[in-house]
Structures are given as C-alpha cells and as structure tokens.
Amino acid sequence: MSNTESTTPELEMAKAYEPQDVESKWYQWWREQGFFRAEDESDKPAYSIAMPPPNVTGSLHIGHALTATLQDILIRWHRMRGYNTLWMPGTDHAGIATQMVVERELAKENVTRFDLGREAFIEKVWEWKHKYHARITMQHERLGISCDWDRERFTMDEGLSKAVREVFVRLHEDGLIYRSERLVNWSPKMQTVLSDLEVEAVEQDGHLWHMAYPVKDSDEVLVVATTRPETMLGDTGVAVHPADERYTHLIGQTVILPLVGREIPIVGDDILVDMEFGTGCVKVTPAHDFNDFETGQRHSLATIAILDKDARVNDAAPEKYRGLDRYEARAAVISDLEAAGALVKIEDHKMNVGVSQRSGEVVEPMLSKQWFVRADVLAKEAIRVVEDGEIEIIPKNWEKTYFHWMYNIRDWCISRQLWWGHRIPAWYCSDCDGVTVSRLDATECSHCGSTKIEQDVDVLDTWFSSGLWPFSTLGWPDKTPALKTFYPNSVMETGHDILFFWVARMIMLGCRFMDEIPFKHIYLHAMVRDGQGQKMSKTKGNVVDPLSVVDKHGADALRFTLAALTVAGRSIKLSDQRLAGYRNFATKVWNASRFVLMNFDDFDAEAAGYTTSPADRWILTKLERASQLIDTQLKGFDFGSAASTVYQFIWHELCDWYIEFAKIGLQGDGRVATQHTLRRVLDGALRMLHPFMPHLTEEIWQKLPRMAGDAPALIVSSYAFSNGEEFPEETKQVDAVCDIVSALRTIRGENQISPSATIGVIVNADANASTDIVEASRAYVERLGRADLRIAQGLQAPKGSAVLRAGQYEVIVPLEGLVDFDEERKRLEKVIKKLEVDITKTQKKLGNARFLDRAPVEVVEKERGKLADFQASKYSAEQALERLR
C-alpha cells in the first residue's frame with residue numbers, strides 16, 4: 001500500500017478524486033503501523049487528550065463528529081510537531097440512557113426488567129454495550145480519528161470500577177459523602193432520581209390559582225398563589241417578608257390550611273418572598289419545591305410529602321384524595337377550594353416546567369433518602385485554579401458561567417434508582433442498622449460484625465465515574481507510568497452544555513485526588529445547527545447523520561467543513577452547500593497534485609545548483625508565512641482561521657497563481673528549479689492540511705518523490721517543514737504581478753473581452769513605484785494576462801481606455817474597438833458611487849475619537865490604508881470616466 005520502501009513512488013494519480021477509494025485504505029494501515037500509539041516513557045514532550053466518552057446508546061451524532069474532528073486536528077498537529085501524543089479513547093456506560101433503551105427493546109417483547117431480574121437484565125445491557133460499542137468504534141474509524149485504540153477504556157471496566165470505589169470510600173471517610181433525606185428531581189415513570197442535566201425547563205401555558213388561608217382567631221386572610229394547587233395539601237407554612245408592614249403583626253401566628261384543617265405558622269423570610277410581587281404572601285411546601293425546602297430548613301418547618309414515588313397522593317393527605325394521580329388530585333382540590341369559598345381567582349400564566357429529557361414527563365420534586373457529595377468543599381479549589389489562571393477556559397466568556405455555578409453549587413445527589421451502573425459500595429446491617437462502606441465487597445458489618453448485611457440496590461450517577469476520566473483512564477489509583485507522563489491532560493475539548501455537569505466535576509475530583517488540575521486548557525465548542533441556524537431535532541427532520549455525509553462527500557470534506565465553521569462563541573451552521581464546497585476543495589487539491597506529479601517523470605531528487613525564480617521564491621515565502629500563521633492559530637484553538645489560512649494558501653496562492661507561474665518555469669531553463677519548488681511547496685501544503693484532511697493528504701504525499709530524511713508516512717512527518725527563510729523583494733515583485741494580472745482580468749470580465757484574445761495593455765507606474773519590477777516580470781504578465789505589454793510611468797491614459805488600479809500601478813486597456821463606451825461610462829459611475837460610500841464610512845470611523853483611543857494601532861493604520869486605497873481607486877475611476885467623455 002505505502003511506498004515506504006521505495007524512493008521512486010508511483011506518480012500516477014486517478015483522473016477523478018473519489019474519497020471512498022482513498023479513505024478506505026489508509027486508516028487500517030496507520031493502525032497496523034502503530035502510528036497512533038503513545039509511549040508511557042519518552043524523551044519527547046507529552047501531549048494528551050482524553051476523549052469525552054460517547055454513550056453506548058446507539059450511534060454518533062454530528063456533535064460527536066465535531067468533537068472528534070477538533071481533537072484529531074490537535075493530536076495530529078502535535079504528533080507532527082514531535083510530541084508524544086496520547087489520545088485516550090473510551091465510552092461511557094451512560095446509566096439511565098442505556099437502561100432506558102434496553103428496557104424499550106424488551107418492551108417490544110412484552111418483557112420488563114423485573115421479569116428478568118437484576119443479573120439477567122444486566123447481562124442484556126452488556127450485550128447491548130458490546131453491539132453498539134462496535135458501531136461507535138466503526139463510526140470513529142470512518143472519521144479518521146487517530147486515538148490510541150490499544151488503551152481504550154469503558155467507564156465500567158475493571159480498572160475504572162476500582163477507581164470509582166476508591167473515590168467513593170475516600171470521600172466517605174473524609175465526611176464528604178453522606179446519606180440524607182432531601183429534595184431531588186424524581187421521575188415517576190422511570191422511578192429514579194434525575195440529574196439537573198436530565199431535566200429541561202419547558203415553557204407551558206398554565207394557571208395561577210389564588211387561595212385564601214384564614215388567620216387563626218382573626219378575620220384576616222392571607223391570599224397565596226400557586227401553579228400546583230394539589231401541593232397545598234402538604235403546606236407547612238406561609239411566608240411573608242419581615243419588612244412588609246402589612247404582615248409584620250402576623251409573623252408567629254398561624255393560618256388554618258383549607259381542606260386539611262392543619263394549623264401552619266406564618267414566618268418572616270426575606271429570601272423566598274418578594275413583597276412587591278403579588279400579595280407578598282407565599283405558601284411553603286417543603287416536600288415538593290426546592291426553594292420551599294430551603295425555606296423549611298431555615299424555619300424548622302415540618303416536611304410533609306403528600307405524593308408517593310408514582311406521583312399519587314399518599315396517606316399523609318386527607319382520605320378523599322388518597323390514591324389520586326397528581327393531576328386528578330389537582331382537579332379535585334380546585335373543585336373543593338371553590339366549594340369552600342377559598343378559591344379567590346384563577347389567572348392564565350406562562351411558566352417553566354421541569355420535564356425529563358428522557359421520558360418527556362413532568363419531573364416531581366420529591367423528598368427521598370439519597371447519597372450526596374458535599375460539593376461546596378470540592379468547589380473551592382476548582383474555583384481557585386480557574387481564577388488563578390492555572391486552567392484556561394476558551395472562550396473566556398464562559399468563565400462567568402462557570403463561576404456562577406460554582407459559587408452557588410449545591411450538594412450533589414449521586415445515587416440513582418437503576419440497575420445498570422456502578423453499584424453503591426455501601427452495605428446495611430439488619431442487626432444494628434449500621435452502614436458499611438468498603439473498597440471490597442463486604443461480608444460482615446463493620447460496626448457489629450453481623451453477616452446480615454445487604455448492599456445498597458442503587459447505582460452511582462454516571463457523572464460520578466466520568467468525573468474521574470482524566471486520571472482513572474491512566475491507571476489511578478495505581479501510580480502508573482502513564483499517569484506520571486500524561487496527567488494532567490493538555491486540553492479538554494467538549495461542548496459548552498456540559499461545562500458544569502462534567503468539566504467542573506473533573507476539575508473538582510482531579511484537584512482532590514491528584515492534587516493537580518486535570519487539564520490546562522478547556523476549549524468549549526458551539527452547537528452544530530442546520531444551514532438556517534435551527535437546532536437539529538428528529539421532529540424537525542433536520543438531523544444530520546455524520547456517516548451519511550461521509551458516504552456522500554467523504555470524511556475529509558466533513559472534517560474540514562466542521563473545522564472551518566468553528567469560530568469561538570458562534571454556532572455552527574452546517575449545510576450541504578458548505579459540505580459540497582469543501583468537497584470541491586478536496587478535488588482542487590487532488591487536481592493540483594495530479595498536475596504536479598504529471599511533470600515529475602524526469603524529477604531528480606539529488607539535483608543541486610539550480611537557481612529559483614522570483615515566482616519560486618514568492619511561493620516559498622507564502623508557504624513560510626502560512627505555516628507560521630497556522631501554528632499561531634492552532635495554538636490559540638482558532639480552528640476556523642487555521643482552516644481558512646490553509647484553504648487560502650492552497651486554493652489561491654498555490655493553485656490560482658503559482659501553478660500558473662510553474663507552467664512557464666517548467667518549459668524553460670528553470671525546469672529543475674520549478675520541479676523542486678513544486679515538490680517542496682506541495683509537500684508543505686500537504687503537511688499543513690493533513691490534520692484537517694488526513695486521508696487525502698496521505699494518499700497524495702505517498703506519491704511524491706522521496707527526499708532524504710523523509711518519514712515513512714505523512715502522519716508521522718515533521719510539521720516544522722520550513723526553514724524560516726523569506727524573500728521580501730521577490731514577494732513584493734510577484735504580489736505586484738498578481739495585482740496587475742487580476743486587474744487586467746477584471747477589465748476583461750467587466751467589458752466582456754474574450755479571455756483568449758491578446759490585447760494591448762499599458763502598466764502605468766506611480767511616480768514612486770518601480771518599473772523594473774514589472775519589466776522583470778514581463779513574461780508572467782504577458783502569459784497569464786494574454787497581453788501585449790507596454791510599461792510606462794506618469795502616463796496620461798489615452799481617451800477611451802479602461803483603467804483599474806493595482807496597488808502602485810494603473811492597468812490601462814485602450815478599449816477602442818473592444819467595448820461599448822456608453823456601457824463603460826455607466827459602469828464607472830457605479831464604481832465611483834460605491835467608492836464614495838466606502839470613503840465616507842471609513843472617514844466616519846477614523847473621525848470617531850472613541851475608536852482612535854480604543855482600537856489597536858495596527859487596526860487604525862489598516863483603516864487609514866483602506867481610506868487611501870479607496871481614494872486612489874476613486875481618482876483612477878474618475879480619470880477613466882473623464883477619458884470616455
């Protein structure tokens with residue numbers, strides 16, 4: 001497959017670029033050669049990324065493709081820069097998500113997990129995991145990602161399970177894990193606690209019911225409002241603001257709860273109550289509202305749960321409501337309040353309702369005994385390392401969100417009522433009620449020695465195990481060579497939507513157990529939307545399947561598109577048009593490379609003593625500058641700009657210009673120099689492009705004639721291909737040629753002059769411009785511009801000429817017999833009007849004192865340069881118009 005054994009590779013390339021033919025063969029070869037492998041011990045500097053583990057619930061989506069692309073760009077780039085690169089792959093067991101899909105599959109056969117029993121059900125889930133893990137791996141391979149597959153981890157493999165237990169036990173020993181009855185997000189349908197991430201706030205049309213609570217032994221009533229009147233059955237207090245003069249005299253008294261008859265206290269609370277909102281009175285239901293729960297804690301209010309785990313009214317409520325579904329109970333309570341004269345009014349009200357992302361049901365705040373982590377203790381160091389700059393968050397504006405979450409963090413509920421996941425390592429003794437927490441499976445109570453113990457049936461929140469990912473995957477709690485070499489990771493690249501739920505927890509747990517940050521940089525990519533900027537969803541029918549894109553356009557086109565559209569802080573609008581455009585770019589690279597190789601039949605790799613032309617030196621300078629710029633851009637995680645830089649260099653400077661220059665050089669005495677320049681520049685272009693389009697570039701690079709010191713493959717070639725040499729004089733000369741030829745082509749196009757016709761052209765130099773530059777480049781101008789060239793300085797353009805400015809030169813084409821003068825006059829008048837607008841706009845900006853004070857000097861100078869160009873172009877256009885009159 002490769003040409004690693006030969007110094008004379010096969011130069012011939014297929015006429016048409018077919019991505020499927022190219023991409024299918026290289027990936028397996030890279031793996032077989034071991035190019036993806038990292039070394040636990042190496043003299044090279046280490047660079048490591050831990051892949052955000054996708055859930056083993058099905059297929060990868062376009063967001064996964066974005067993550068894989070950006071991380072692979074960083075990994076391939078650093079590998080080529082001489083780093084010992086580790087990209088740690090893996091998958092997440094995704095407790096609730098995976099259990100749900102397996103239960104859904106079983107339901108098709110009218111089977112429940114309870115029919116199977118815990119052990120048999122878990123076996124079914126493992127079968128699912130193996131099947132879909134293989135699919136995810138295949139999808140990653142199709143994308144061309146170069147992770148170290150020999151190290152692949154799974155959040156429930158033996159090593160990571162050991163790490164999970166170790167962390168749980170240590171946190172418990174340190175008093176940072178505890179079991180308590182607290183309010184949680186409860187899913188009646190799935191019968192488990194949900195994390196905040198799994199609860200989505202959905203705006204719904206609802207109502208506000210206003211209810212009158214009579215003050216005991218008084219004619220006064222307090223009017224409270226609620227969106228959930230059924231919960232009033234569990235009210236244990238009414239809160240008013242302690243500074244509200246309307247109610248201060250009532251604080252400490254009680255009201256009689258309608259329908260129930262229970263006396264509940266009136267408390268003063270300045271946290272829950274806004275005395276400017278509504279009546280200034282708030283009902284408090286500690287067992288069914290998170291804010292009310294905190295209020296109840298502050299005032300030692302009773303906590304009365306009136307709903308069971310199925311969201312039906314329990315025995316704590318009056319008998320007539322018992323057994324009713326929460327919505328049935330709502331209707332009954334409203335009816336009874338109205339009958340009792342306690343329903344004051346009903347208002348329409350838009351409200352945000354917590355809905356389960358998994359099941360679509362309304363989540364119920366539920367009082368339940370669960371395991372919690374004291375997150376505020378762990379958050380202190382996680383806040384400090386970001387504040388002190390030890391960890392950089394990119395884009396920086398996400399730091400504000402991070403700090404808001406961390407400074408307001410609540411204890412983290414880590415237990416889930418599921419079967420699939422890490423079972424909580426706690427055993428309950430039936431003799432002494434003691435709880436044994438152990439690293440190993442306990443056989444007796446640690447308190448009384450009884451063997452009558454049973455393990456907790458719940459499992460840990462998925463985020464608990466994935467929060468250990470950066471160090472557990474490297475062998476912790478063992479002190480492995482890999483842990484020493486690759487921790488902390490270099491960067492964590494992921495979506496901004498899990499900054500708190502995953503990234504923050506990795507920072508908290510990494511700092512706690514490694515005494516060191518888990519990664520140095522956090523790059524948060526944006527959401528991938530459709531071409532109209534709409535969020536992708538199955539209901540809208542606008543979901544993009546990455547493998548379908550790969551089948552149609554190729555993996556390299558998808559990768560490049562995603563990278564090119566990645567701009568910090570801006571959503572990615574992915575359209576088939578953009579994908580097709582970058583598929584065309586791949587074809588452009590292919591065709592240009594094919595031209596080069598077609599002219600290498602007599603290439604002499606050992607040729608020496610040749611003299612490069614100005615065009616050769618120009619393209620070598622452009623290559624040097626592009627490589628330096630890409631290096632800076634990728635160091636700053638500016639993927640979009642880096643993709644743009646390599647695109648501009650290859651499409652415009654290499655293909656549009658240098659290859660045209662090379663067609664001249666290949667025909668004369670400069671053939672050898674041109675061949676070597678073509679090889680050097682194409683080699684450099686392929687190296688710059690490789691992290692973005694690995695398959696295409698490897699295919700072409702393997703066909704290049706071998707030079708001394710070449711690596712066996714592009715993937716492991718050096719990215720530092722340039723020697724830092726630039727040729728400013730030749731670059732200035734050829735830039736002028738490009739400007740002149742572009743101006744000439746514009747005149748041809750605007751005046752509908754045949755591209756094949758040779759026409760007379762005058763290049764008129766400004767007083768301070770060099771005519772020697774143009775004279776030295778006469779062959780280029782005449783060949784590329786199909787021109788009979790005359791060079792002048794200070795010339796008054798003849799009447800009836802088209803004139804276009806090209807830097808310090810005017811390109812003059814006498815139009816007599818070539819164009820319609822009336823149409824040309826109209827065109828010039830339009831050009832002048834547009835330039836007047838541009839001049840006015842730029843002058844306004846430069847006249848703005850605030851802009852001049854705040855903008856960097858180089859930005860101000862750029863605007864001044866633009867103004868000068870606009871004014872010069874306007875002058876030239878006016879002169880041209882005058883000549884036509």
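A: A residue is called buried when its relative accessible area is under 20%, exposed when it is over 50%, and partly exposed in between, using a 1.4 Å probe and protein chains only. By this rule Ser300 is exposed, because its relative accessible area is 68%. The model is predicted, so local features need pLDDT of at least 70 and side-chain atom pairs count only at pLDDT 80 or more, whereas totals for chains, interfaces and linings use all residues. Residues are numbered from 1 along each chain as its sequence is written, and side-chain values use heavy atoms, with hydrogens and water left out.

The part to look at closely is the surroundings of His93. His93 lies in the loop between strand E3 (90-91) and helix H3 (95-107), where helices (H or I, at least four residues) and strands (E, at least two) are DSSP runs numbered from the N terminus. His93 counts as buried because its relative accessible area is 0%. If we leave out residues up to four places away in sequence, His93 is in contact, meaning heavy atoms within 4.5 Å, with Val56, Thr98, Phe154, Thr155, Met156, Trp420, Gly421, His422, Thr462 and Ser465.

One of those partners, Thr98, belongs to helix H3, and Thr98 is also buried because its relative accessibility is 0%. Apart from its neighbours within four places in sequence, Thr98 touches Val56, Thr57, His93, Val125, Trp128 and Trp420.

Elsewhere in the chain, Glu699 sits in helix H21 (residues 694-701) and is buried because its relative accessibility is 7%. Beyond its neighbours within four places in sequence, Glu699 makes contact with Val22, Lys25, Trp26 and Trp590. Although Glu699 and Trp590 are 109 residues apart along the chain, their C-alpha atoms are separated by 9.6 Å.

The peptide bond from Trp476 to Pro477 is cis, with omega near 15 degrees, and Pro477 lies in the loop between helix H12 (469-472) and helix H13 (481-486). Another cis peptide bond, with omega about 0 degrees, joins Tyr487 and Pro488, and Pro488 lies in the loop between H13 and strand E22 (489-495).

Now for the chain as a whole, which has 27 helices and 29 strands and whose C-alpha trace spans about 110 × 65 × 50 Å along its principal axes. Of its 885 residues, 54% count as buried, and among contacts between residues at least 6 apart in sequence, 77% join residues at least 24 apart. A search of the whole structure finds zero disulfides, a disulfide being a pair of cysteine sulfur atoms within 2.5 Å. Cys281 is buried because its relative accessible area is 7%, and Cys413 is buried because its relative accessibility is 12%.
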